[in-house]
Amino acid sequence: MSAPARKRGRILPREAGAAPLDVVIGVMAFLAALALGASLVADRAAEGWRAGLSGRLTVQVLPPEHGAPNPALAQETDAALAVLRSTDGVVHADEVSQEETLKLVEPWLGSGAVVADLPLPRLIDATLVPGARIDLATLTQRLKQAAPDSTLDDHSHWIARLKGVADAVIWSAYGILALIAIATASAVAFATRAGLEAHHDIVSLLHQMGARSGFIARAFEWHYLISALLAASVGGILAAAFFLAAGGLESVGIEPVPFLPPLSLQPAELGWLIVVPLSSAFIAWATARLSVLAALRRIY
Amino acid sequence: MVRFENVGMRYGPGPEVLRDVTFVLEAGSFTFLTGPSGAGKSTLLKLMFLAEPPSRGLVTLFGNDLATTKRSAFAALRRRIGVVFQDFRLLDHLSAFDNVALPLRLAGGRPDDYTQDVEELLGWVGLADRLHARPPTLSGGEQQRVAIARAVVARPDLLLADEPTGNVDAEIGQRLIRLFGELNRLGTTVLIATHDRSLIENARAREIRLVDGRLVEMRAART
């Protein structure tokens, strides 16, 4: 009768001094998850801005810059409305009320009687049929004929600028993620070299006994993969908690900063944060493997 | 099996530790390597188990000229060699069982396949009751027996032993030499570096002698 198989001992002893690397990887993962979350927030905000502004037109009927108010402003507004409503592709056109106009300028000028007396333009908000293609040059010409003080804004300028800002945030986040990946890889490479140094006797013996480089590398890479996965998971969970807390603040009535998107992440977006520990583990695995294989190549 | 031709060896810019060493180990032979301390025995063994490259000369192992053999092929060559190191070089965090099983594990063996063999071998060297003991808890002689069991467990083509009986009493020493002899009869080429003249006199093996880095005396195996 054959003896029962025994559980094999670990080729490398458990390292007592690996905690600092775990802390570094955990912090890196936290920062990476914040950067990834920021890119998701920026992407969602850009999409929201684009959806909110595209498919709409705004016509301003401007008061004169100097002198007395134009008594014909109301007639010009009505004429511009008539032009818009008669234009193919325009679903709806309505004048923005004085109260709403005041609300729009409130973040910059505040509120009060002085602001109410300011010569504000009359605004017309028009909604377009989704996908409608309107000849803006012709429409502008028709509006100018009907309302000489009117200007037409299709928001494309704003959409482009907001998209530019969002893209800058997203690419900055990607840059930060790349830097964090490099820093994580460097930390693991450093730790692997220290590990190789600490376990030089074991590595040297295994090499001497004919262990394939891959066998020795596996002993290290699995150690760092598991460590990085656990540490980065903690960092990712903390970042997820941060985004949930940000959402919680809004839900209890703490106002978000005007014009900035809310910092909270949607449940589906939170799922993306799992990429961080998985990537960290992969980076640690690959770095440890490459470091060990490179070190072994230097041994005869 | 092993061929050295005009092999010289120096560490860094130091003097030559081995000079113009030439000899052949035929397959299935049993040889003692003798000589005073500092004569170069350990260095010669290091060249044979591929721990160091020679500074000059030709080393051929299992028919492979090491100067032209790809480094990637060295691991496979090393797995054909069992080594008993003078300082044992056991892994302190592994049990005696796991230390002995290491060569089989490196060769891709599974515990199901080798557990019985390893336990039997440890029993044969008198360590049946120390399977789970870790090297720091073993005596010098016990560690040496674990090291020997590790070197022979995979039935290597070439067995190199550096002072393998230095820490055991005479009875155990003779028993270990019988183990080496048994392995030799099964086809393993054996080279034992030793100071122990009684071992050499009791055996009928060939002897090669190193003095001051030179191979100065050779005695053929007695029939």
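**Chain B: a sheet, a helix across it, and a helix pair**

In chain B, helix α1 (residues 41–48) lies across β1 (2–10), β2 and β4, at about 60 degrees to β2(B). Lying across here rests on contact, meaning heavy atoms within 4.5 Å. This is a predicted model, where local features need pLDDT of at least 70 and side-chain atom pairs count only at pLDDT 80 or more, while totals for chains, interfaces and linings use all residues. Residues are numbered from 1 along each chain as its sequence is written, chains are lettered from A in the order in which they are written, and side-chain values use heavy atoms, with hydrogens and water left out.

**The sheet**
- Helices (H or I, at least four residues) and strands (E, at least two) are DSSP runs, numbered from the N terminus.
- Four strands of chain B form an open sheet in the order β2-β1-β4-β5, with antiparallel pairing (strands pair if DSSP finds at least two bridges between them).
- At the edges sit β2 (16–25) and β5 (64–65) of chain B, each pairing on one side only.
- Strand β4 (residues 56–61) of chain B is joined to β5(B) by 2 bridges, and the two run antiparallel.
- B:Leu61 is opposite B:Asn64 in β5(B).

**The helix pair**
- Helices α3 (residues 96–106) and α4 (residues 111–124) of chain B pack at about 125 degrees, axes 10 Å apart; axes are lines fitted to C-alpha atoms, for helices over the stretch in contact, and angles run from 0 to 180 degrees between N-to-C directions.
- That makes α3(B) and α4(B) oblique, the class left over after under 35 degrees (roughly parallel), over 145 (roughly antiparallel) and 65 to 115 (roughly perpendicular).
- Among the residues that meet are B:Phe97 and B:Leu104 in α3(B), and B:Tyr114 and B:Leu122 in α4(B).
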